[in-house]
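Welcome, and thanks for taking a look at this one with me. Please have the model open beside you while you go through the points below.

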Amino acid sequence: MLDAHAGPHRQATHGSRRRTSLASVLSLAVFAVSALTLSGPAAFAQSTLSPAEAAAAAMESAWPGLKGDLFGDRQLVEGTDAIMLEAPSRATDPAIVPIKLTLDPAMNIRKVTLVIDENPAPVAATFDIAEGAGLTELSTRVRVNAYTVIHAIAEAADGTLYVTKQYVKAAGGCAAPAAKDAEVAAKQMGQMKLRAFAAADIGGTATHEAQLMIRHPNNSGLQKDQVTLLYIPAHFITDLAVDRGGERLFSMTGGISISEDPSFRFNYRGDLSVPFHAKATDTEGKVFEKTFVPEQS
């Protein structure tokens, strides 16, 4: 704290430094007296927080404003199983935080909006789900830039909005350097792979599972080139459509919060022999698409 007061005056005269030092000591004394006025539990809670956690706890939530901007005065129903959100309470890597959405198959959810409240661009992605697709689970990876609440809002076919949330401790994900070398990333950009998994039984119906992986740097615009130290321009996938046999399964509109090399794992109903088709478009207007025949990875 003394450094914080003295820092701006490092070039001052000796007398000025003494005055600054005295002011710092007085500030510390005021802080100590103020701390004594805290109630026992409050003082204990403050002492158990790390500096980052204390700053996050004191920060005003962006959610009230975001909620109004995104949904106006529409009611958001809480406390139901219409949508569930799984995320780590403390992320190992803030640039690749795993997120899993689970939807109640009886609620006919047609749209999901994923909001990372304290990110520079809070709306990470919006997923539109086709009717009858059987999609009740969807996982991806996101960047988290500061300690934040993540909200997932599901819209049913009748227009009802359901919301759930999860607090995640992570910081710096949007500015974290890319994992891949820029030249390698450029050569691999747009490559796609689809993995198939064993079928599961959900509500008495056989449901299949697949994972679509796309090579793309998904630069956020907040990362720096490690050599030049200049900011790397934002360059990310904005739109994704996944079809089966010419019929839409789901589509996504994404932003800078989706991690490098986007990955989407999802379940679906239908004949395994029907081919998949994926089409992605990025901020530079580049289009990447591929058709996956059965058993192709």
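1. A word on terms before we start: two residues are in contact when they have heavy atoms within 4.5 Å of each other. Please also keep in mind that this is a predicted model.

2. Setting aside neighbours within four places in sequence, Ile129 is in contact with Leu103, Ile109, Arg110, Val112, Leu135, Leu249 and Phe250. Phe250 lies 121 residues away along the chain, yet its C-alpha atom and that of Ile129 are separated by 4.5 Å. Is Ile129 buried or exposed? Its relative accessibility is 6%, and buried means under 20%, so Ile129 counts as buried.

3. Now step back to the whole chain. The protein chain has six helices and 15 strands. Of its 297 residues, 38% are buried. Among contacts in the chain with a separation of 6 or more, 65% are between residues 24 or more positions apart.

4. Nine strands form an open sheet in the order 1-8-7-4-5-12-11-14-15, and their pairing is mixed.

5. Strand 1 runs parallel to strand 8 (residues 161–168), and two bridges join them. One place to look is Val77, whose bridge partner in strand 8 is Tyr162.

6. Helix 5 (residues 63–71) lies across strand 1, strand 4 (109–116), strand 5 (123–129), strand 7 (148–156) and strand 8. Helix 5 runs at about 145 degrees to strand 4.

7. Two backbone angles deserve a second look. Most residues other than glycine have a negative phi. Asn218, in the loop between strand 10 (205–214) and strand 11 (237–244), has a positive phi of about 45 degrees. Asp261, in the loop between strand 12 (247–254) and strand 13 (263–268), has a positive phi near 50 degrees. Both are buried: the relative accessible area is 1% for Asn218 and 13% for Asp261.

8. Finally, the largest pocket, with a volume of about 410 Å³. Which residues lie nearest its centre? They are Lys180, Asp181, Ala182, Asp225 and Ile232, out of a lining of 21 residues. That lining divides into twelve nonpolar, four polar and five charged residues.

Conventions:
Residues are numbered from 1 along each chain as its sequence is written. This is a predicted model: local features need pLDDT of at least 70, side-chain atom pairs count only at pLDDT 80 or more; totals for chains, interfaces and linings use all residues. Side-chain values use heavy atoms; hydrogens and water are left out. Two strands pair if DSSP finds at least two bridges between them. Helices (H or I, at least four residues) and strands (E, at least two) are DSSP runs, numbered from the N terminus. Axes are lines fitted to C-alpha atoms, for helices over the stretch in contact, and angles run from 0 to 180 degrees between N-to-C directions. On a 1 Å grid over the protein atoms alone, a cavity is a set of points where a 1.4 Å probe fits but cannot get out, and a pocket is an open set with protein on both sides within 12 Å along at least five of seven lines; lining residues have an atom within 4 Å of a point. Grid points are joined across faces, edges and corners, and a volume is the space filled by probe spheres set on the points. Ala, Val, Leu, Ile, Met, Phe, Trp, Tyr, Cys and Pro count as nonpolar, Asp, Glu, Lys and Arg as charged, and the others, Gly among them, as polar. Buried means under 20% relative accessible area, exposed over 50%, partly exposed in between (1.4 Å probe, protein chains only).
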